[in-house]
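Trainee: I have a new chain to look at. Can you take me through the fold, piece by piece?

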Amino acid sequence: MFRKRGPKMTDDQHKPTDTAEATAKTVNEDGLDVPDTEADNMAEDAETAFPGMDGLDEGMLGQVQEMMAKLERADELEKENADLKGRLARLATDFDSYRRRTQEDVNAAQGQGVSKAAEALMPVYDDMDRAVTMGAADPAKLIPGMQAVQGKILGVFAGLGLEATGKEGEAFDPQWHEALQVVPGDEDDVIVQVYQLGFRMGDRLVRPARVVVSRKG
């Protein structure tokens, strides 16, 4: 049996159609044949699956930069702290040395002051010794001799910067005087008797005078 031949195909029928051209394969950069439609679909799928990727990357980069800045600031603060600790240690050492030198100077000054005071009082001791020797032979001479010694002692005190306070007839001043007793008198607050002479050095009280004060009845 013979099959019936169909109509003969023309040259136009041998050409690819527009649909075939739309599905033609293209070569990508890696040399792989990927249809254009599939490549477009992959880009769309990536945008759909990871929306806002650009903004996310910028946010993460900003956080990383902020953390790096904080770490650098922490290093700077640690260095400043170490420097301050070193300076504090040096200041403490310097202050301890200064305090030790000051105490040594104070001790030396005190020792020198005591030495000068004792040296000034040595002639007084000599006068007192002579007065006692003379009084032993003639008691009447003892009082003038002791009065002379007393005057010399006051002179030594004056040379040391001491001033006597609390004499009879002087106005009572509680800053320098201590009233042991109050008795009737013609005037108020007048020293009428001295139990113990007081001394001051400028505006500083060394020893208050112990006195009896008058008060109008």
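The questions below go from the overall fold to single residues.

Mentor: This is a predicted model, so local features need pLDDT of at least 70, side-chain atom pairs count only at pLDDT 80 or more, and totals for chains, interfaces and linings use all residues. Residues are numbered from 1 along each chain as its sequence is written, and side-chain values use heavy atoms, with hydrogens and water left out.

Trainee: How many helices and strands does the chain have?
Mentor: Helices (H or I, at least four residues) and strands (E, at least two) are DSSP runs, numbered from the N terminus. Along the sequence the pattern reads α-α-β-β-α-α-α-β-β-β-β-β-β. The count is five helices and eight strands.

Trainee: What percentage of the residues is buried?
Mentor: Buried means under 20% relative accessible area, exposed over 50%, and partly exposed in between (1.4 Å probe, protein chains only). The chain has 217 residues. The buried share is 11%.

Trainee: How far apart are the end C-alpha atoms of residues 67-94?
Mentor: The unreviewed UniProt entry annotates residues 67-94 as "coiled-coil region". UniProt positions are in the numbering used here, feature names are shortened, and annotations may be inferred rather than shown by experiment. In the model the span is 100% helix and 0% strand. Its end C-alpha atoms lie apart by 40 Å.

Trainee: Which helices each supply at least two residues of the nonpolar patch?
Mentor: The patch consists of Met128, Val132, Leu142 and Met146, with about 290 Å² of accessible area together. Patch residues have over 30% relative accessible area and no salt bridge, and nonpolar side chains (Val, Leu, Ile, Met, Phe, Trp, Tyr) are joined within 5 Å, like charges within 9 Å. A salt bridge is a side-chain nitrogen of Lys or Arg within 4 Å of a carboxyl oxygen of Asp or Glu, and areas come from the Shrake-Rupley method with a 1.4 Å probe, where only the protein chains shown count as cover for residues. The suppliers are helix 4 (53-137) and helix 5 (142-159).

Trainee: Is Val132 buried or partly exposed?
Mentor: Val132 sits in helix 4. Its relative accessibility is 46%, so Val132 counts as partly exposed.

Trainee: What separates the C-alpha atoms of Lys141 and Ala131?
Mentor: Lys141 lies in the loop between helix 4 and helix 5. The two residues are 10 residues apart along the chain. Their C-alpha separation is 7.6 Å.

Trainee: Why is one side of strand 3 and of strand 7 left without a neighbour in the sheet?
Mentor: Strands pair if DSSP finds at least two bridges between them. This open sheet has the order 3-6-7, with antiparallel pairing. Strand 3 (163-165) and strand 7 (204-207) stand at the edges, so each has a single partner strand.

Trainee: Which residue is the bridge partner of Met201?
Mentor: Strand 6 (residues 198-201) and strand 7 pair over three antiparallel bridges. In strand 7, the partner of Met201 is Arg204.

Trainee: What is the phi of Asp189?
Mentor: Most residues other than glycine have a negative phi. Asp189, in the loop between strand 4 (177-184) and strand 5 (191-196), has a positive value. Its phi is near 55°.
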